[in-house]
Amino acid sequence: MEMNGEERIAAPRQLVWEALNDPDVLRECIPGCQSLEKSSDTEMSATVKLKIGPVSAKFSGDVTLENINAPESYTIAGEGKGGIAGFAKGGADVKLVEDGAETVLSYAVNAQVGGKIAQLGSRLIDSTSKKLAGQFFTKFNEVVSAKAAGA
């Protein structure tokens, strides 16, 4: 599955970059996130509970930040296991471009799923993934814009 998108955030690029690397902000914005712990500057571990169609699963996994070009871009790669529900793995290239007082965040995601969730069909998985990405970026935009307005 591949997904591309763009989000315009009313905040300076440095603030958006810091938020993208802040486990507290990410924990608040990731749908279903139960825990997110930073183990180093480039590694985090997470537990996320999701419902995809009729399948509910708790995924535990690790996330690594690569190709870091602060405060412009990075690649985020991760893999999560959901027990009998299956697994998900993938990555995203994230870019931040200043546009006046705002920042344009663009992303290109590629992901693979296996196990029971893969049997649900690509249309359901794609639509759920787009919905979850939309929820994340809407919340992320709200949190970061509020921080910028309060600064």
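A nonpolar core is a set of buried Ala, Val, Leu, Ile, Met, Phe, Trp, Tyr and Cys residues joined through side-chain atoms within 4.5 Å, where buried means under 20% relative accessible area, exposed over 50% and partly exposed in between (1.4 Å probe, protein chains only). The model is predicted: local features need pLDDT of at least 70 and side-chain atom pairs count only at pLDDT 80 or more, while totals for chains, interfaces and linings use all residues. Residues are numbered from 1 along each chain as its sequence is written, and side-chain values use heavy atoms, with hydrogens and water left out.

**The cores**

Begin by selecting Ile9, Val16, Leu20, Leu105, Phe140 and Val144, the residues with the most contacts inside the largest nonpolar core, which has 30 residues. Helix α3 gives the most to this core, with seven residues; helices (H or I, at least four residues) and strands (E, at least two) are DSSP runs, numbered from the N terminus. Next, select Ile52, Val55, Ala57 and Ala85, which are included in a second, separate core of six residues.

Return to Leu105 and display its surroundings. Not counting residues up to four places away in sequence, Leu105 touches Gly5, Glu6, Glu7, Ile9, Val16, Leu20, Val94, Lys95, Leu96, Phe137 and Phe140, contact meaning heavy atoms within 4.5 Å.

**The helix pair**

Now show helix α1 (residues 13-20) with helix α3 (residues 122-150). Their axes come within 10 Å and cross at roughly 130 degrees. Helix α1 is therefore oblique to α3. Axes here are lines fitted to C-alpha atoms, for helices over the stretch in contact, and angles run from 0 to 180 degrees between N-to-C directions. Angles under 35 degrees count as roughly parallel, over 145 as roughly antiparallel, 65 to 115 as roughly perpendicular and the rest as oblique.

To see the contact, select Leu15, Val16, Ala19 and Leu20 of α1 together with Phe140, Val144, Lys147 and Ala148 of α3. By class, this contact of α1 with α3 has seven nonpolar, no polar and one charged residues. Ala, Val, Leu, Ile, Met, Phe, Trp, Tyr, Cys and Pro count as nonpolar, Asp, Glu, Lys and Arg as charged, and the others, Gly among them, as polar.

**Val16 and Leu96**

Centre on Val16, in helix α1. Val16 counts as buried because its relative accessibility is 0%. Beyond its neighbours within four places in sequence, Val16 is in contact with Ile9, Ala11, Leu96, Thr103, Leu105, Phe140 and Val144.

Move on to Leu96, in strand β6 (residues 87-99). With a relative accessible area of 3%, Leu96 is buried. Its C-alpha atom is 7.3 Å from that of Pro71, although Leu96 and Pro71 are 25 residues apart in sequence.

Select Pro71, in the loop between β4 (55-69) and β5 (73-81). The peptide bond from Ala70 to Pro71 is cis, with omega near -10 degrees.

Then select Asn67, in strand β4. The phi of Asn67 is near 50 degrees, a positive value in a residue other than glycine. Most residues other than glycine have a negative phi, and most peptide bonds are trans. Asn67 is exposed, with a relative accessible area of 59%.

**Asn21**

Finish at Asn21, in the loop between α1 and α2 (23-29). Asn21 counts as buried, at 15% relative accessibility. Not counting residues up to four places away in sequence, Asn21 touches Lys38, Leu65 and Tyr74.
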